[in-house]
Every structure is written in C-alpha cells, then in structure tokens.
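Here are a few friendly notes to read beside the model.

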Amino acid sequence: MSRILRLPAHDATAAVPGEGDWDSRAWLAWLQDRVDDSWRPGEWDGRRWLFTGDLSNCRTSSSTCRTRACDTIVNTKNIFCSPCAEQLRASHQDPDAFAVTYRPARRRSFPGMVTVRCSITRASVQCVRPRHCKGMCVTHYGAWKYHATKGTEEAWLRERAQPFTDGLACQVSACPSPSYNSRGLCNYHARQWSKDNRRNPLDAEQWAAQQSPYLATHQFSLLPLPDLLRHEMLYGLQQTDSWTRTLEPHRIRNLVRDLTGADTLLAEDTGPNRLASAHAGAVRTLQRLRTAVRSGFEEFSGQPLAEPDVLDLRSIGLRTTAGGAPRRMPGTADLRPINQPWLRDLIRHWALTSTPRTEVFSNTLRAVTIASRTLAQRPGQGLDPAALHFTDASAIVDAFRVALRRDGTLYRSSQRRTLVGCFFQLIDYGRRSGQLNTLAGAFTRHPVEHRIRIEETDEDGIGKAVPETVIRQLDTHLDSLGLGEVQGRRDLAPADRQLLYQTVYILLRDTGRRPLEIAALPHHCLETTQGQTSLIWNNHKRHRHRRRLPITESTAQAIRTWQARRPNLQLPAADDAYLFPALSSYSSAGHLNANYISETLRAWVDSLPALHAEGVDAGGNPLPFDRTLIYPYAFRHSYAQRHADAGTPVDVLRELMDHRSIAMTQRYYQISLKRKRAAVATLSTHVVDRLGQPAPSTTTSYELRSVAVPYGGCTEPSNVKAGGSSCPIRFQCAGCGFYRPDPSYLPAIEQHINELRADRETAQAMNAATFVITALSDQITAFEQAVTRMKTRLAAMPAHERQQIEHASTLLRKARAASHHTLLPLTTTDPPQTSS
C-alpha cells in the first residue's frame with residue numbers, strides 16, 4: 001500500500017518529507033479527479049488558461065483599449081494600448097475625443113503571428129509560409145541570397161523557386177503561430193530563443209519544450225510547471241475563484257515564472273520567499289493558492305496540515321452578503337483563545353455544519369470569547385459543562401453588559417444585545433444537535449433577568465451638520481468636483497464622471513439621504529403627482545423600501561440631466577436598475593460603491609483653496625473650517641438641521657427623515673434651542689433703550705421678562721403678561737420707556753424707518769393734520785437715533801467680537817422667523833396605497 005503524507009497536527013509549517021514518504025501519484029490522481037471541467041472562465045487545453053469572449057463576464061483584471069474601434073486587451077494600469085497611446089500623444093487631442101474618433105489603420109492579427117504570406121507563387125499556388133524579408137519566407141529568402149551572390153536570382157525566381165504548401169507549426173506546444181525559420185520556431189519564439197541562447201546555449205527543440213505560447217495581457221500558461229505542480233495550480237485557481245473578486249492573469253504569469261523548478265505547493269520552498277517580487281498582491285495570490293491546495297491535501301490524506309483550532313473560513317465555505325452578491329469570507333479564525341474545550345468544539349462543529357453568514361460567525365465568535373473569559377474566572381473555570389449553574393449564565397450576561405471593544409470603548413447596547421443572543425443561540429444549537437448532551441440544564445437564559453435593554457442612541461450623530469455657510473462655499477466650487485484622481489476614472493469619460501459625482505453631491509445636499517441610499521437609487525427614481533415631484537428611494541438601514549421624499553424642481557432637474565446622459569456611458573457592467581451604475585466590472589453590486597462617494601468627496605474637499613468657518617480670530621481674519629467634518633453622512637445632519645432651524649413641525653421632519661422615533665427628530669430642535677440660548681447670552685449685554693442708551697439685561701430677564709415686538713423687545717408688564725398683544729400705547733415703541741431693542745433688530749428697524757417715511761409722505765400729500773406728521777417725524781428721529789448709536793457701538797468693537805454679535809443676531813432672526821412656522825418648500829405627501 002502506498003504511504004500517505006502524514007504531518008504533525010500541531011506543526012502548521014512542517015515541510016513535505018522526501019521522496020518515498022508520500023505517494024505523489026495518488027495525490028496527482030486525486031487532483032485530476034477533483035478538477036471541475038465545467039469551471040471555465042475561458043478555454044483550458046490542459047496546460048494553459050486562455051480568457052476569451054466578453055471580458056465583462058470574466059473576473060479578470062484586464063479590459064479592452066478605450067479606443068472604440070480597437071479591441072486590444074490592456075491591463076488595469078493602462079487605458080489605451082501602446083499603438084493607440086502613441087497616436088494619442090502625436091495627435092495632441094483630448095483623450096475622450098480621441099477614443100471616439102480614432103480608427104486604427106494597422107492590420108489586426110493574432111499576437112505573435114505573421115499573417116502576410118510569402119510572395120513566391122507558381123501556377124497560381126502561393127507559398128503558405130510567413131513572409132520574412134523581401135516578401136519571401138525564411139527558406140526562400142536564404143535561397144534568393146545564395147543566387148544573388150552568383151547573379152542568378154532573377155532566373156531562380158522565374159524558373160526554379162517553388163512555393164511551399166505545408167505550413168510548419170511552432171515547436172512550442174499550444175502556440176498558434178506557424179514556424180518562422182528552419183529551427184521550427186515562430187517569429188515571437190525565434191526572438192525569445194535568440195535572446196536566451198546568448199546567455200545559456202540550448203538546442204531549440206529542448207528550449208521549446210519548456211516554453212509557453214505567446215501570452216496576451218489576459219492570458220497565462222502553466223506549461224513550464226511539472227505535471228503535479230501544474231495540477232495543484234489549476235486546483236488552487238479553481239478553489240480561489242470563489243474566494244476573490246477577480247483573478248489577475250499577470251500575477252499567475254509571475255507565479256509560474258517564480259515556481260519553475262519547484263515540485264509541489266505543499267513544500268516550504270514554495271513560500272513567499274521564492275517570489276522575485278515581494279509585492280503584496282503577489283504574496284496574497286500565492287498564499288491563497290497554497291491555502292487551497294493544503295486544504296485539498298487534508299481532504300485527500302485525512303490528516304490536518306495545520307492547527308485544527310485555526311479555522312480556514314474559506315475552505316469551510318463561510319460567505320458574506322456585504323456589497324451585493326455573496327462571496328466567501330477570506331482569512332482564518334483562531335479558536336485557541338477559547339479556554340473550554342467543549343465550547344471550542346461546539347463553535348467548530350457549528351461553523352462546519354451550519355456555514356453561517358460571516359457577520360453571524362464574527363458576532364458568535366466574539367460572544368464565545370467573552371463568555372469563555374468569564375467562565376475562566378468562575379469556580380472550576382467552566383471546564384466541566386455538567387457542573388455549570390444558573391449563576392454562571394448570569395455572570396456571562398453581566399459580562400456582556402459591560403463588554404468593551406478593542407479600543408476600550410463600550411459596545412452599543414444593540415451590539416451587546418446581539419452578542420448575548422448569539423451566545424445563547426449557539427448553546428441552543430448544541431443542545432438540539434446533541435453536542436451538549438452533558439451540559440447542565442440549569443445553565444440557561446432567563447427571558448427577563450438576562451435581557452439587555454436597548455439604550456437610546458444618537459442614531460444620526462446629531463450635531464455634526466455641515467454649516468450652511470460652508471455648504472454655500474462648496475457650491476461655488478462645484479465645477480471642480482470629479483476632476484483629478486477620483487474613483488471610476490478608468491470606466492468613465494472625465495465629463496461623465498464629473499456630472500455623476502456632481503449629481504450625487506446635489507442629492508446628498510438637498511435630500512438628506514444616507515450615502516448608500518443615494519448610491520443605490522433606482523434608475524427611475526422620480527415621480528410627479530399634481531405638480532409635486534418626489535424622489536423614490538429605499539431605506540436600507542431600516543428595510544423600508546419605495547419611500548417618497550418631496551424635492552425641489554432644481555434637484556429634480558439635476559437628476560433628469562444625469563438620466564439623459566446615462567444611456568451614453570461606456571461601462572463594462574452597466575446595470576439599468578440603478579441611477580448610478582457600478583463603475584467597475586469587479587463590483588458585486590450593480591450600483592455605485594458608497595465608498596467611492598466618500599473617497600471622491602474627501603479628495604475634492606481637500607483640493608479646495610480655502611473654506612472659512614463662522615467667526616473670525618482676534619485679528620479679524622476668518623477662521624478656517626475643519627475639512628474632516630465634511631463627509632457624505634454630514635449632509636444628512638445638515639438637511640435635518642436646516643428644517644429644524646426653519647421651524648418645520650417635528651412630525652413633518654420625522655416623516656422627511658424617515659425616523660422611527662420622534663424623539664430622535666426632536667434632538668435637532670434641541671440643537672436649535674441651544675444655539676438660540678447662546679445667541680441670547682451674547683446679545684443680552686448689548687440691549688439699549690428707546691434713546692439708544694445701554695440697558696443691559698441678564699439672559700433670564702431677556703427671555704422671561706420681555707416679549708418680542710416687531711422692532712425690538714418689550715418689558716412693559718401688561719404687554720409681557722399678554723404675550724406681546726396688549727400694548728398700552730398701541731405699539732408706538734419709539735416713544736415707550738419699556739422699549740428694548742438690540743443689534744439683532746437692526747434690519748427690522750431700518751425697514752420700519754423706510755415705511756414711516758413713506759407714511760409721512762402720504763400724510764403730507766393728504767394734507768393731514770400737523771400733529772400726525774409731527775408724530776411720524778418724531779418716531780423716525782427716535783428710531784434713527786437708536787440705530788445710529790447701536791451701529792456706532794458695534795463699529796468701535798474688535799472685529800472678532802463684532803463678528804460674534806452678527807452671528808448671534810442672524811441666529812435670533814432665524815429663530816423669530818421660525819416661530820411663525822415658515823416652512824421650506826419641502827412638505828410630505830401621502831404615498832399612494834399599494835396592495836403590498
């Protein structure tokens with residue numbers, strides 16, 4: 001019986017024993033049996049892998065030349081092929097215009113193949129061998145040179161030159177090009193042999209046996225590898241195809257070059273140290289292949305090569321649904337920190353038999369680690385499952401209540417509740433599956449005592465809104481958004497890329513939706529009913545779909561502009577279901593990646609020349625705004641705060657934000673109130689009387705013992721008691737000793753002065769009594785006196801203090817306007833009733 005390779009289970013890095021210690025033929029036969037013939041992203045001839053057909057259907061790192069009339073394949077670092085790039089430099093055209101208008105004039109041929117035949121013809125039969133020089137193949141050209149030395153070349157051409165009718169194949173296996181010379185090599189391999197032969201002289205036939213056919217950017221060959229290693233590579237590629245987003249042919253070509261001379265991927269000499277380049281991508285590719293092959297060998301031999309308590313999550317089939325289509329989870333999970341063997345065996349059995357989603361596995365492993373650490377501190381350290389009690393379960397729940405992240409911060413209550421649920425669900429699974437038959441029945445979860453209540457959290461990061469003044473500054477630079485190094489530049493023309501990201505920014509700013517909700521908007525996302533346009537969107541966070549949000553006409557027009565441009569995009573994986581399609585054929589989702597939005601916005605904000613915050617420094621210079629506070633989600637806060645400051649009713653704003661709890665929405669109004677109180681504190685010391693003389697008050701008296709009248713504050717007791725609706729002298733504030741204006745009322749006072757002047761002109765035209773005209777003139781004088789003295793005092797203040805007063809005045813004017821419930825042009829509408 002052939003001996004099978006058996007390695008110590010505890011030694012994950014043990015080398016493969018020498019010849020005779022394992023049956024390589026049985027291992028090769030196992031690999032040949034496991035290779036799936038139906039798995040073909042391209043064509044497989046036994047020794048090479050050739051990607052063909054529509055590249056958008058292959059997970060490769062290659063694409064076609066951007067020139068529309070050129071189908072040359074290029075790698076991810078290039079946009080144009082070499083000939084087209086050369087013509088682009090010579091034309092001095094814009095790349096977008098060049099890609100549309102240029103037509104390659106060269107003859108298309110298979111790479112490495114000479115398509116023009118020898119010109120020697122006799123009796124209408126032309127030589128089939130490829131042309132070499134002077135229109136003749138190599139053999140005919142050699143004969144012509146011989147006769148040329150004797151002066152008989154013309155006679156030879158007329159009478160003796162005979163065309164060849166048998167085409168000779170290149171000696172390199174699987175090479176599609178015909179032989180080019182007497183050595184039996186095609187044009188491409190003849191040049192390669194000549195180069196290699198100068199360094200290491202070798203017969204052409206021996207040299208050809210170890211060579212690969214001509215490989216384009218999207219191809220690789222396993223021919224140079226020995227038979228066993230070749231099948232290990234093929235098996236590993238087949239397995240890793242389900243693990244990774246894409247296969248990179250150039251990585252495989254480099255691996256084949258570096259592994260030439262090796263025997264098996266199971267040996268230690270095929271590790272990362274063998275690579276000529278220590279590039280992270282090359283190391284990662286090799287490690288994936290070795291992991292797949294070692295997992296296959298464990299299945300073949302029945303003996304583990306690695307530590308059994310280190311789970312390879314790829315080999316056991318854990319999958320993730322993040323970002324779209326499910327993909328296998330990379331990496332490993334170390335179960336050794338779990339101190340109790342029964343608990344370690346339980347989670348291993350659960351992972352192998354249930355193949356849970358990655359987020360469930362991660363939470364369960366984290367929960368088991370916390371529980372194991374808690375049990376280790378209990379009597380008996382939890383080693384005997386039959387000795388556990390209800391108090392042990394309570395201790396574990398208490399540990400979850402104070403569980404900390406790696407950075408030392410407390411988990412959110414929802415996450416702590418998830419962890420405790422995952423742990424006891426695992427325990428229930430163990431009892432149902434028979435893995436925990438010896439576990440004490442008292443070790444169970446009480447439905448009341450072991451509950452972790454959800455604490456009210458700051459769901460949307462209230463208070464992180466981008467100020468409106470900063471948003472206005474961003475709007476002035478909107479034309480530069482999408483320029484430079486941004487995501488998606490390979491798949492979109494610069495003008496299209498700019499319009500895409502500008503539309504995304506407008507939607508973030510005007511709708512307050514989350515970044516993923518913007519990225520995943522449906523293609524047909526506009527609905528107009530009775531003249532009001534609404535945005536159709538999906539609340540992915542709360543799993544509420546087909547929501548409707550009223551938007552302004554300018555926002556709707558921005559969407560329509562992009563919808564008109566979208567059908568003209570040249571994308572490898574365009575998906576008509578989404579307004580913003582994926583910018584890469586590697587995307588597992590059909591829509592724009594939300595991370596692309598964050599990265600592009602960050603690059604744009606960092607490139608802007610200056611962004612000023614509200615206020616100035618001691619020297620009167622504008623303060624710089626912290627650019628790190630500008631990110632996609634912050635515009636959601638800005639949207640909500642904008643409505644709260646404008647006095648939008650809280651129930652209306654809750655509908656606009658699609659909040660589940662109105663308490664969350666009310667926090668934005670608390671921010672507005674907090675800012676109003678800060679503004680009152682600033683202006684309370686700058687209150688004057690009707691003559692413009694200082695009459696400062698405390699913050700409390702400013703708010704509680706005064707009411708707002710049209711042109712200032714009033715402290716007259718009866719009017720205060722009536723809420724400002726019972727003035728004894730009928731609101732002739734300029735002549736009242738209880739009148740208390742402050743700088744926030746300056747615009748209203750100046751407007752009232754203009755109105756009084758107009759009234760005086762009207763009274764004079766009506767030939768009104770003198771006391772009417774005099775009264776109007778005295779009011780104008782009194783108001784002008786108060787305005788002049790307030791402005792004089794403001795002008796004498798330092799610039800930074802004056803800026804603070806102006807900012808506080810603006811806030812109070814907004815608050816007073818909001819008290820009349822002045823709404824923004826967005827209101828909610830009842831969505832149409834559906835049968836769902």
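1. Start with helix 15 (residues 468–476) and helix 20 (residues 634–645), which pack at an angle of about 125 degrees with their axes 11 Å apart. That angle makes helix 15 oblique to helix 20. Please keep in mind that this is a predicted model.

2. The crossing of helix 15 past helix 20 is left-handed. On the helix 15 side, the contact is made by Glu468, Ile471 and Leu474, while helix 20 brings Phe635, Ser638 and Arg642. Sorted by class, the residues of this contact are three nonpolar, one polar and two charged.

3. The largest cavity holds about 90 Å³ of space. It is lined by 13 residues, and the closest to its centre are Cys714, Asn719, Cys727, Cys733 and Cys736. The lining of the largest cavity divides into ten nonpolar, two polar and one charged residues.

4. The second largest cavity has a volume of about 60 Å³.

5. Which elements give two or more residues to the lining of the second largest cavity? They are helix 16 (494–511) and helix 19 (594–607). Helix 16 gives the most, with four residues. By class, seven residues of this lining are nonpolar and one is polar, with no charged residues.

Conventions. Residues are numbered from 1 along each chain as its sequence is written. This is a predicted model: local features need pLDDT of at least 70, side-chain atom pairs count only at pLDDT 80 or more; totals for chains, interfaces and linings use all residues. Side-chain values use heavy atoms; hydrogens and water are left out. Axes are lines fitted to C-alpha atoms, for helices over the stretch in contact, and angles run from 0 to 180 degrees between N-to-C directions. Angles under 35 degrees count as roughly parallel, over 145 as roughly antiparallel, 65 to 115 as roughly perpendicular and the rest as oblique. A crossing is left-handed if the near helix is turned anticlockwise from the far one by less than a right angle, and right-handed if clockwise. Contact means heavy atoms within 4.5 Å. Ala, Val, Leu, Ile, Met, Phe, Trp, Tyr, Cys and Pro count as nonpolar, Asp, Glu, Lys and Arg as charged, and the others, Gly among them, as polar. On a 1 Å grid over the protein atoms alone, a cavity is a set of points where a 1.4 Å probe fits but cannot get out, and a pocket is an open set with protein on both sides within 12 Å along at least five of seven lines; lining residues have an atom within 4 Å of a point. Grid points are joined across faces, edges and corners, and a volume is the space filled by probe spheres set on the points.
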